[in-house]
Amino acid sequence: MKNNYISEIRGVRLEIRDFKKSTISNLLSPIFLLTAIILAPNFSSAQNKANNAFEQLGTELPTPNTYRSAAGAPGKDYFQNTADYDIKVELDDATQRITGTEMITYTNNSPDELRYLWLQLDQNMFKDNSINALSRTGGIENRMTARQLEGMNSASSVNTEVSGSKDHGYNIKAVKTASGGALPFTINGTMMRVDLPIVLKNGQTYTFQVDWDFNIMAYYGRSGYEFFEEDGNYNYFMAHWFPRLCVYDDVNGWQHKQFMGRGEFAVPFGNYKVAITVPADHIVAATGECQNYSKVLSREQQKRMSDASKSKTPVIIVTQAEAVENMKDKSTDKQTWIYDAKNVRDFAFASSRRFIWDAMQTDVYNNGKKIWSMSYYPKEGNPLWEQYSTRVVEHTLKTYGKYSIDYPYPVAISCHATAGGGMEYPMISFNGGRPEADGTYSDRTKAGMIGVIIHEVGHNFFPMIVNSDERQWSWMDEGLNSFCQYLSEQEWDRDFLSRRGEPQKIVSYMKMDQSQLKPIMSNSENIINFGPNAYSKPATALNILRETVMGRELFDYAFKEYARRWAFKHPKPADFFRTMEDASGVDLDWFWKGWFYGTQPVDQALAEVEWYSLDTQNPEIAKTEARKEAEARKQTISNIRNKTDIKETVVEADPTMKDFYNSYDEFAVTDNDKKKYEKFLSTLSAEEKELMEKGMNYYTLKVKNKGGLVMPVIVKMEFEDGTSEVVRYPAEIWRTNDAEITKTVATAKRVKKFILDPFYEIADIDESDNMFPREPAQPTKFELFKRGSFNRTNPMQEAKKTQGAATGTN
């Protein structure tokens, strides 16, 4: 029966009568013949196109061995070396300088003999002759400062806020044996080789000492100080502030790729004992547990700590009034805070007399183990930080534990460092998100602050515990963490303004010119468009895996298994890929190839729809349909105009010109029609009659893969009766032709509209061809007024001004 409501869908009759006359009617029933015709488009050899989309990764992945299994788990011979530190460090607030000495005990658990050790000297990235400074490119731009112009070929090309004329980078004063003898060492950029006097064999340890100092940089996103001109005080956020060991593993040997600022860190686990000497009026936050609160806190502050240990909401340990009072007089006395941290990969700390401090110790997982959630922030962070930060820390531990493993450490800290950005270290993070000076903030500032705290605290799980190689693979921590951040944000507030995770938010990146794109599987320092590549695209890919490809149950189990297998170990990409498949039973090689090894976008198009329906041969139905079609076809432009232009025809003027056919109704049902129909029905089997009575409609959909990245095909059918149905086809539907497929859908209802990707779940870069029939073109909007004319960036501030004007308090 012909479709008379969608002009672009072609109707084709399938008549059982014709099948019965076929020369093969004695062999095949009408039901089988109908099925064969309906399914034929899906299996025609003309529809096939050889492709490699679903071939296994093969040589792209390393060969499994006894260190790393084919299942993605650590093998029976897996090993990792450890480095323990006993550090004494002093922060000079007058000169913004760090001076330290450390005793390092290194344990070789590898099967290899080691004749030297490699240490990381990350501060050397800021030397004028560093590979980072000399390899940066760019020209002269308008509005460049004098300092920027003077430092085009120096460390200031890395950080335009270098402090005066100070030299930067490590000053290694000594490398000694445990007994005090000199050890030979060689510095190569951000790496230092220490030559051992012995061959360090499997199971052996070696202890040695390093003394150093350096000038602290202005805060540049990872570490440094923030200066407050109004009171002349500094907030210090100290990271990669001490020489620390490189990772030695079964894949790379020594991971001593130079630190160039983007590819972060690869660090072995170890135990830390750190004594931090600062001005006596400073408050210190650090990795691990403080061992001497009784000496560094007042009795009142110790009482508040005790109250916080029993509270389910944050308790102020150092009040804003106390912090403001501390800012007035800079103490010349010193005080040492002692911290102990076990089984961590790094150590960071923050120090300032300006810090407000709140905390609570809660049973996050209802397992009897209480964990401290803490926040340190200057008054500039309020009211946002006091209201939200510590609560967000606890929430992050809870939600990340739900999707990975329980947080194993005793404390998690969020420190407010400058207005934007964030950085993570074990048990402590430095986070942005600052209100306006009047205490108001926009919804985006609030969402950004909460989001960055979730992200940086979440990094405790990836990579602080699941300790991937950030120097090589940024996505393994940033991508996985951004994905978990998205899940956590949605559990914080149902309408949370998440930046990443939803597939439609990666579309603008996926639409970019291919010359501007690198695969996710690219080295950290070589990535173009770092944020979308290392954060957004892998986070989106994992969300698509969870929601569309695998389903939540299978994905969540496999992801949790990956975290369990590799907690406190060093996973590589293949370990993640293999574990996700091993624990779910889903072949995902096609997905890794497309999303992680490729740069093609998703762009599916619903190119054509054909409608097939059975001709029941019921004259009551068939002739009614035929009448409707004939009447519709009479509505030509000529016939419409002739009704008014031709006043009277010859036949109308002279009735003698009429004959039988002027009154004959070709669409009237006759007795003969009814008899033929009854006879036809008598020839049908019960199964054939049932099919006839169902009145099924068969729609053949032609879908094109214009983008190249194969993905599941999701189709929504909107029916004439106002209801709808969604059908989902796995990505394997493309396995014999990755460019174009034909799929037939059977439904008892007539379809009014077909929609591809109705829930925006595959990151399709062009939605204009996802509907059939096509939607009318939408006008492109343009701005009549200047940008910002109606841009209310801070409604809270506007409301405050309006209220002040009304009360005369503005």
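**Entry 1: α13 and α14**

I looked up how helix α13 (residues 552-566) packs on helix α14 (residues 573-584), and I read an angle of about 130° with the axes 8 Å apart. The model is a predicted one. The crossing of α13 past α14 is right-handed.

I then listed the residues in contact. From α13 they are Leu554, Phe555, Tyr557, Ala558, Phe559, Glu561, Tyr562, Arg565 and Trp566. From α14 they are Asp575, Phe576, Thr579, Met580, Asp582, Ala583 and Ser584. I sorted the contact by class and got ten nonpolar, two polar and four charged residues.

I turned to strand β27 (residues 713-719). I asked how many of its seven residues are buried. I found six, and I recorded the strand as mostly covered.

Next I checked the pairing with strand β28 (residues 724-729). β27 and β28 run antiparallel and are joined by six bridges. For Ile714 I found Arg728 as the bridge partner in β28.

β30 is antiparallel to β27, and five bridges join the two. Opposite Met717 I found Phe754 of β30.

Methods:
Residues are numbered from 1 along each chain as its sequence is written. This is a predicted model: local features need pLDDT of at least 70, side-chain atom pairs count only at pLDDT 80 or more; totals for chains, interfaces and linings use all residues. Side-chain values use heavy atoms; hydrogens and water are left out. Axes are lines fitted to C-alpha atoms, for helices over the stretch in contact, and angles run from 0 to 180 degrees between N-to-C directions. Helices (H or I, at least four residues) and strands (E, at least two) are DSSP runs, numbered from the N terminus. A crossing is left-handed if the near helix is turned anticlockwise from the far one by less than a right angle, and right-handed if clockwise. Contact means heavy atoms within 4.5 Å. Ala, Val, Leu, Ile, Met, Phe, Trp, Tyr, Cys and Pro count as nonpolar, Asp, Glu, Lys and Arg as charged, and the others, Gly among them, as polar. Buried means under 20% relative accessible area, exposed over 50%, partly exposed in between (1.4 Å probe, protein chains only). Two strands pair if DSSP finds at least two bridges between them.
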